[in-house]
Amino acid sequence: MTLSLIEGLLLVFVLGCAIGAAVLRDVLASLMAFAAYSLGISIIWVMLEAPDVGLTEAAVGAGIMTILFILALANTVRPQENGLFESLSVRTVVLVGAFVVVMVATVPSLPPVGADGTVHPNPVVSGEVTQYYIDNAYADTEVKNAVTAVLAAYRGFDTLGEAVVVFSAGVAALTVLRQEVFA
Amino acid sequence: MSSDERTGLYVESTIIMTTVRVVAPFVLTFALFVMFHGADSPGGGFQGGVIAGSVVMMLAFAYGIDAAREWLDVRVVATLASGGVLTFATIGLGTILLGGNFLEYHLYEQFLSHATAYGIELVELGIGGIVASVAIGLFFLLAAGFGHAVDAPEDES
């Protein structure tokens with residue numbers, strides 16, 4: 001698999017931000033690294049031709065999450081500590097390293113990006129369900145975005161569950177914070 | 001005592017206020033575009049709802065969280081959240097009443113042409129309402145903080 005210059009730079013940027021979010025000592029700095037990581041990932045999603053996921057990642061991961069984290073941080077005491085980076089124990093590094101090795105070991109078994117399934121098996125493209133959605137989504141649901149068709153029609157019951165989960169999260173937050181109204 | 005004064009969260013800045021005043025209508029329009037146009041282009045209720053919620057957060061950052069809290073009508077937020085769930089559930093269960101399966105949109109065709117497309121659009125709007133209001137609610141709840149809630153449980157402002 002060959003990477004274009006932009007893709008390579010993005011990958012380096014995202015990895016750097018992820019490591020920064022993990023090892024930076026100041027919580028606010030770590031938070032900023034996390035937001036930058038989300039933004040980088042969202043651009044990667046767009047490059048992988050998943051604009052719906054990219055939009056969600058940018059809006060939720062980089063936007064709302066950062067704001068909520070900053071607010072939570074503003075309501076807590078931030079210790080002034082010396083040193084830019086967290087001191088890492090050997091045990092943590094070994095454990096996280098082992099996990100990364102296990103995850104990376106699964107990467108070669110993924111189909112290459114954009115594979116049409118003729119050379120490498122690619123269940124995402126050659127799967128029967130995918131083809132069904134692509135062929136019938138517009139006729140069945142009259143929406144051009146197949147993602148929306150799956151989300152609101154074919155898998156509508158799941159989406160109702162997700163919407164209720166979001167609603168319940170709001171209600172749970174009200175209960176935990178002993179408030180009666182949202183604003 | 002307001003939470004803004006307590007934590008020193010709010011800094012009045014002409015630059016931020018002017019920027020937000022100019023940008024907010026466009027962000028809200030973009031949110032509605034993402035929500036309404038999610039059927040034909042990337043986007044949908046979840047994304048559009050988050051963007052719509054962020055408009056209120058922008059206003060809160062520019063004009064102060066307490067000012068935004070007073071400006072915002074809590075009934076609108078609560079109606080959006082519960083109305084979204086009710087809209088989605090009603091559309092889904094309505095088809096069962098008509099003798100079909102859950103969310104079998106085309107059963108509404110007898111009342112309205114292109115009912116499937118309109119049904120999906122309504123469901124997306126419902127999701128958008130839920131997500132926007134819960135995002136706004138979490139924002140204000142976190143801004144108030146836990147101490148605020150324990151000190152004055154009756155204080156709704």
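This is a short chat about reading a few features of a predicted model.

Me: What should I know before I start?

Reply: Residues count from 1 along each chain as its sequence is written, while chains are lettered from A and ligands numbered from 1 in the order in which they are written. Since the model is predicted, local features need pLDDT of at least 70 and side-chain atom pairs count only at pLDDT 80 or more, though totals for chains, interfaces and linings use all residues; side-chain values use heavy atoms, leaving out hydrogens and water.

Me: How do I read salt bridges, and how many are there over all chains?

Reply: Side chains of opposite charge can pair when their charged atoms come close. Here a salt bridge is a side-chain nitrogen of Lys or Arg within 4 Å of a carboxyl oxygen of Asp or Glu. That rule gives two over all chains.

Me: Which residue does B:Arg69 pair with?

Reply: B:Asp66, with the closest N and O atoms 3.6 Å apart.

Me: Are B:Arg69 and B:Asp66 buried or exposed?

Reply: Both are buried. Buried means under 20% relative accessible area, exposed over 50%, and partly exposed in between (1.4 Å probe, protein chains only).

Me: What about B:Asp73 and B:Arg75?

Reply: They form a salt bridge too, with the closest N and O atoms 3.0 Å apart. B:Asp73 is partly exposed at 31% relative accessibility, and B:Arg75 is exposed at 60%.
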